[in-house]
Amino acid sequence: MSSLTESDAWLALAEHYHEIKDIHMRELFESDADRFDNYSLELNDILYDYSKNRINEQTVKLLLQLANDVDLSAWIEKLFNGEAINHTEHRAVLHTALREQGNKPIIINGEDILPEIKAERQRVKKLAEKIRTRQWRGVTNQAITDVVNIGIGGSHLGPMMVTEALWPHSLHDLNVHFVSNVDENHINDTLENLNPETTLFIIASKTFTTQDTMVNAETARQWYINKLGNDNGIERHFTAVTSNVKLARQFGVAGDNIFKMWDWVGGRYSLWSAIGLSIVIAIGSEQFDELLDGAYEADQHFRSTPLEKNIPVMMALLGVWYNNFFNAQSMAILPYDQHLHRFPAYLQQADMESNGKYVDRQGQEVDYTTGPVIFGEIGIAGQHAFFQLLHQGTKLVPSDILAPVYNFRCIARHHRALMSNVFAQTEALMRGKTEQEAYAELKSEGLDDEQIKQRLPYKVFPGNRPTSSLLFDTLDPKTLGSIIALYEHKIFVQGIIWNINSFDQWGVELGKQLATNILNELNDTEPVCSHDSSTNGLINYYKRRRASDKK
């Protein structure tokens, strides 16, 4: 047994689970007329309603005790103060410094990093504004019309999600594209209708050696050369965000167009840095500042608000409650805002790469479950797809529902129809439909008793399915910044409770290492026998089928 599962708070929660597990949320609402007021929190225009969860006052008390037992408040200060909490890589975790609005020094290795952060941000803004105002000219003196961000993981998902989310706030005659898949279809389909004379590439790779990114980057470079007949002016069409300046310059990127990445920022937390160059190009400097400001306000809320009133803390504790005591192994992210259609995919990486760990901070295998499987889709689309399982399936799937009070261009008929579904789904998942209610409904439809008997089991909904709702005024840059930061901090809190390092990602390395070795084997026609029989068989089948391919 680990110290976590032996702790008084954990054991008390396990006992409490057996007391509450069969209580229906209908009963909880009936017994507490103020339940919504008692279980909802606010940050600026964001409302977090967690009243439709299988909790009561005692649940919250015990979860907060668990947070206190792991000394969560002290860990929050370690995060913001730049202590090396990423202990396996001996690094601080300071994505919060990237949106810091004050002037208080943040010291790493004896140096204040804030001046460098601000200077690099100004460099990013300067380049972005040149492109937005058409001052930046390509090799034939034409303005840039298309920007292609080539990256993978956090260098792709974060910028893509934000630019999609803030599309109404973007320049619509300046197209921003994102390429991540090493499958040639992704880069080829993107380049098909572009003009190299008006296209700018951003190569986002910390090491400038990531295979997926660099294969795509080389293809883009060769496309440019093939189209123009030479590599003249390549420095006008390629920029880089990397810590490997030497390789970027060898590639052909001018020194002034290489932007810095720091080792104290993980990729999945990097959209606030120069990795966000594509975001700044899309929405402009002032609105990027609003994005940072929204995240900063969420940081301040997280750092200074008592745990019981702290939105990311409560989000995290609810996740622990379901994951570790209800054995809920997944969680659905359900935005009811079309512009957030990439938000579930973004959170998949942020959460699952952070907390998908089975070894604790002491190097011991844990005896409890950690990060959940995150999935999701736009809510309206999901209702006609996987919501069936949420309502009547055998698995408990807690859900977060995000929705705007009004849209950028709000058409009342559309928006009221949208929001009616938001409110109906949370109520339906909570209440369900009893056998008596289903019987009365079928009876009102004119069915006879035999018909009702046949259909009745299928019309019953158990309900008691937990949802938390985040309502916000509208999806502007500041609100989006706050929402992203709230989820970042939720992930951090859960990592602290589970005693794991949320900021390394060794699990992605093995596949990369094996792929490098196998790539060498694919470069010749000789059969391989160095792997297991399945891998050998797959590789050799591929090589036989591609025997005539000399590429």
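**View 1. Side-chain directions in strand β5 of the predicted model.** Asp146, Val148 and Ile150 point one way from β5, Val147 and Asn149 point the other way, and all are buried (under 20% relative accessible area, with exposed over 50% and partly exposed in between; 1.4 Å probe, protein chains only). Because five of the five residues of β5 (residues 146–150) are buried, this strand is largely enclosed by the rest of the structure. Strands (E, at least two residues) and helices (H or I, at least four) are DSSP runs numbered from the N terminus. This is a predicted model, in which local features need pLDDT of at least 70, side-chain atom pairs count only at pLDDT 80 or more, and totals for chains, interfaces and linings use all residues. Residues are numbered from 1 along each chain as its sequence is written, and side-chain values use heavy atoms, leaving out hydrogens and water.

View 2. Five bridges join β5 in the parallel sense to β6 (residues 175–179); pairing requires at least two DSSP bridges between two strands. Valine 147 has valine 176 as its bridge partner in β6. With β7 (residues 199–204), β5 likewise pairs in the parallel sense over five bridges, and phenylalanine 201 of β7 is the bridge partner of valine 148.

View 3. Five strands form an open sheet in the order β6-β5-β7-β8-β9, with parallel pairing. At the edges stand β6 and β9 (258–260), each with a single partner strand, so one side of each is left without a neighbour in the sheet. Between β7 and β8 (residues 238–242) there are four bridges in the parallel sense, and isoleucine 202 stands opposite threonine 239 in β8.
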